[in-house]
Structures are given as C-alpha cells and as structure tokens.
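Please examine the sequence and the three-dimensional structure shown below. The report that accompanies them is arranged by topic.

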Amino acid sequence: MMDLNSVVLGIDLGGTKILSAAVDRQGKVICRDLTATPVASGPPGVIATINESARRAIRHNPNDIKAVGLAVAGLVESANGIVHTSPNLPGWNDVSITLELASTFGKPVFTINDAHAAAIGELKYGAGRGCRHFIFITLSTGIGGGLVLDGNIYEGFSGFGGEIGHMVVDDDGPECGCGNRGCWEILASGKALEREARRRIASGEPTSILSYCRPEPGGEPGRAQIDCLNAKTIHTAAIGGDILALELIKHHAYYVGVGLANIVNIFNPERVIIGGGLSNMGDLLLKPAIEEAARRAFKQSFKAVRFMTAELGADAGVIGAAALAWKNLM
Ligand SMILES: [Zn+2]
C-alpha cells in the first residue's frame with residue numbers, strides 16, 4: 001500500500017533555471033527550490049546543482065519520496081533516460097542523466113523533454129483537462145511543443161517528436177541554433193522579438209523601450225541598457241503606448257500566426273494551449289496572431305479549434321514530470 005502522504009520529486013532542468021519540487025498525487029506542489037543552472041560547468045556541475053536543489057526542496061518534507069520525474073530542455077530519449085543534445089545546455093551530448101540521478105537518490109527516475117512534461121501537466125491539471133487532442137506550445141526564449149493526441153502525450157519513435165519550434169516558416173530565413181534556416185523559433189520566439197527590437201533601436205527609431213530596461217538584481221553592474229532589453233520590457237513599453245513596441249509585437253504576431261496555421265492544419269486539434277513568457281502578453285500578441293492563423297488555415301479546422309493560455313505557468317514542467325513519475329509507479 002502506498003502511503004497517502006507520499007510525494008514524488010519533480011525537477012525541471014532548463015537553460016537558465018532548475019526548479020525542484022515535492023509534488024503530491026493530486027499534482028500539488030508541496031515545497032520547492034529554484035536555482036540558477038550553472039551551464040558553463042557542464043553536465044557534472046549541473047548534476048551536482050540538481051542534487052543540491054532537490055535536497056533543499058525536500059528538506060522540510062517529512063513524507064516518503066517515491067520516485068523522481070525529470071524534465072530536460074533538450075532532445076531526450078525517454079525510454080533509456082539519455083539526453084542526446086540541448087541547444088541551451090552546452091556539453092550535454094549523450095548524457096545518461098537517469099542512471100546518474102537514480103544512483104544518487106536511490107529511487108526510480110523518469111526523464112522526459114520539458115515541453116512534453118509541461119503538456120502532461122496541462123493535460124492532467126491545467127488548460128488541457130478533459131481534452132483528447134491538443135497542442136501545447138511554449139513561446140519563450142525558444143519555442144517548444146508537446147503533442148497530446150488521442151488523450152496521450154505523443155513523443156515520436158525516439159522521444160524527439162513535437163519540435164514544432166523547428167518547422168521551417170521561411171526557407172531563406174535567419175540561421176537557427178539547430179543548424180537549419182528560417183525555423184519558427186528563430187522568427188517567433190522571445191529571442192527573435194528582442195533581436196528585431198535591437199535592430200530597430202540601433203537604426204535610430206524613436207522609442208521609450210530602453211527606459212524600461214533595468215539590469216537584473218545581482219547582474220553585472222554597468223551592463224548597457226540595451227543588453228537588458230527583453231520581451232518583458234518591450235511589452236511594458238507597449239502597454240505605455242510606445243509606437244515602436246506596439247509595431248514590434250504586431251510584426252511578431254504575424255510570425256506566431258504563420259506557425260499556428262501550420263499546427264491547426266497538421267493536427268486539427270481541439271485546443272491550442274499557449275504557455276511560456278510571451279503568452280503573458282495576452283491579446284496584444286495572441287489576438288493578431290490568431291487572426292493571421294485564421295487567414296491561412298483551413299476554415300473548417302480553424303473553426304474547430306480553441307486557443308487558450310496555459311494554466312500552470314512556470315510550474316507546468318515539474319508538475320508534468322511528477323505526473324509522469326506517478327503514472328510509472330502505478
Ligand atoms: Zn531550428
């Protein structure tokens with residue numbers, strides 16, 4: 001018999017942060033720890049940091065840890081727990097992370113791609129509840145995807161499926177981190193929005209965007225304001241009525257919409273659930289993006305789909321990874 005108070009440990013390993021959390025059977029986060037990812041120290045340093053973070057997360061938790069669910073930003077072969085590569089985690093080539101963590105924790109470990117984990121989280125506890133056909137999209141620094149087809153996460157043959165950020169939307173577009181050109185991610189991610197903002201500010205267009213840029217607490221002193229520019233500062237300037245910021249978001253929405261149309265045509269989903277930092281822009285970004293998708297997608301498929309924002313926010317990855325662990329314990 002499983003103790004009713006038992007928990008699993010969910011860990012979300014991203015290119016900037018590691019989130020560890022004890023999660024109960026209802027998907028509730030009991031306690032957590034958030035720490036920076038020491039990317040420069042490679043797999044050994046990152047794995048040591050995961051261990052420390054996980055131990056802090058469960059420090060005050062008296063309940064038994066049954067298993068570990070790990071979400072990783074990269075190409076993950078979930079069947080054997082190997083991270084093959086990750087654009088945001090340099091040096092992570094063919095790392096047997098599941099084996100490493102299983103020997104440290106002495107518990108079963110289940111590893112999955114981070115966007116797939118977030119899709120499972122939304123399916124079980126968020127905007128995807130009761131929905132059998134939906135596509136989950138993280139619009140953040142990059143673009144990730146999780147496909148829920150016929151009620152289950154679809155990972156593909158090896159676990160590398162759902163990389164919607166790397167569908168080509170401009171055959172001669174800018175070079176992407178994956179080596180291809182004109183991927184959706186290089187044109188519609190938060191990084192793309194920042195790149196375009198920098199280009200237009202550098203060309204001398206009048207704007208108040210830089211006045212909203214503040215170096216992050218603890219960041220390098222004296223960093224130029226333009227280095228601190230990000231999607232959030234562009235959004236803040238747009239809310240303040242800045243013409244360039246509004247134009248940048250509208251231009252960005254065009255590319256977001258082109259990708260959404262492809263997704264609607266390929267999958268005929270019941271819902272498209274949009275998460276990640278850029279989804280915080282709400283209608284300002286999503287309304288024109290959805291209008292662009294409407295112009296391009298099959299009318300019948302477009303009429304069938306509902307576009308929704310994700311519900312679990314930054315916790316989606318740990319909650320989904322924990323749900324995977326619970327499922328595998330059954
Ligand atoms: Zn790409």
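## Basis of the model

This is a predicted model, in which local features need pLDDT of at least 70 and side-chain atom pairs count only at pLDDT 80 or more, while totals for chains, interfaces and linings use all residues. Residues are numbered from 1 along each chain as its sequence is written, and side-chain values use heavy atoms, with hydrogens and water left out.

## Overall fold

The protein chain contains 10 helices and 12 strands; helices (H or I, at least four residues) and strands (E, at least two) are DSSP runs, numbered from the N terminus. Its C-alpha trace spans about 60 × 55 × 35 Å along the principal axes. A compact globule of 330 residues would have a radius of gyration near 20 Å, and the protein chain agrees with this at 20 Å. That radius is taken over C-alpha atoms, and the globule rule is 2.2 Å times the number of residues to the power 0.38.

Of the 330 residues, 52% count as buried (under 20% relative accessible area; exposed is over 50% and partly exposed lies in between, with a 1.4 Å probe and protein chains only). Among contacts (heavy atoms within 4.5 Å) between residues at least 6 apart in sequence, 65% join residues at least 24 apart.

## The five-stranded sheet

An open sheet of 5 strands runs in the order β3-β2-β1-β4-β7, with mixed pairing; two strands pair if DSSP finds at least two bridges between them. Strands β3 (29-36) and β7 (109-113) stand at the edges with a single partner strand each, so one side of each has no neighbour in the sheet. The twist averages 15° from one strand to the next. Strand β2 (residues 17-23) pairs with β3 in the antiparallel sense over 7 bridges, and Val23 has Val29 in β3 as its bridge partner.

Helix α2 (residues 97-105) lies across β1 (7-13), β4 (65-72) and β7, at about 145° to β7. Helix α3 (residues 114-125) also lies across β1, β4 and β7, but runs at about 100° to β7. Axes are lines fitted to C-alpha atoms, for helices over the stretch in contact, and angles run from 0 to 180 degrees between N-to-C directions.

## Aromatic pairs

The structure holds 2 aromatic pairs. Rings of Phe, Tyr and Trp (its six-membered ring) pair if their centres lie within 6.5 Å; planes under 30 degrees apart count as stacked, over 60 as edge-to-face and the rest as tilted.

The rings of Tyr254 and Tyr255 have centres 5.2 Å apart and planes at 80°, so this pair is edge-to-face. Tyr254 is partly exposed, with a relative accessible area of 36%, whereas Tyr255 is buried at 19%. For Phe302 and Phe307, the ring centres are 5.8 Å apart and the planes stand at 40°, so the pair is tilted.
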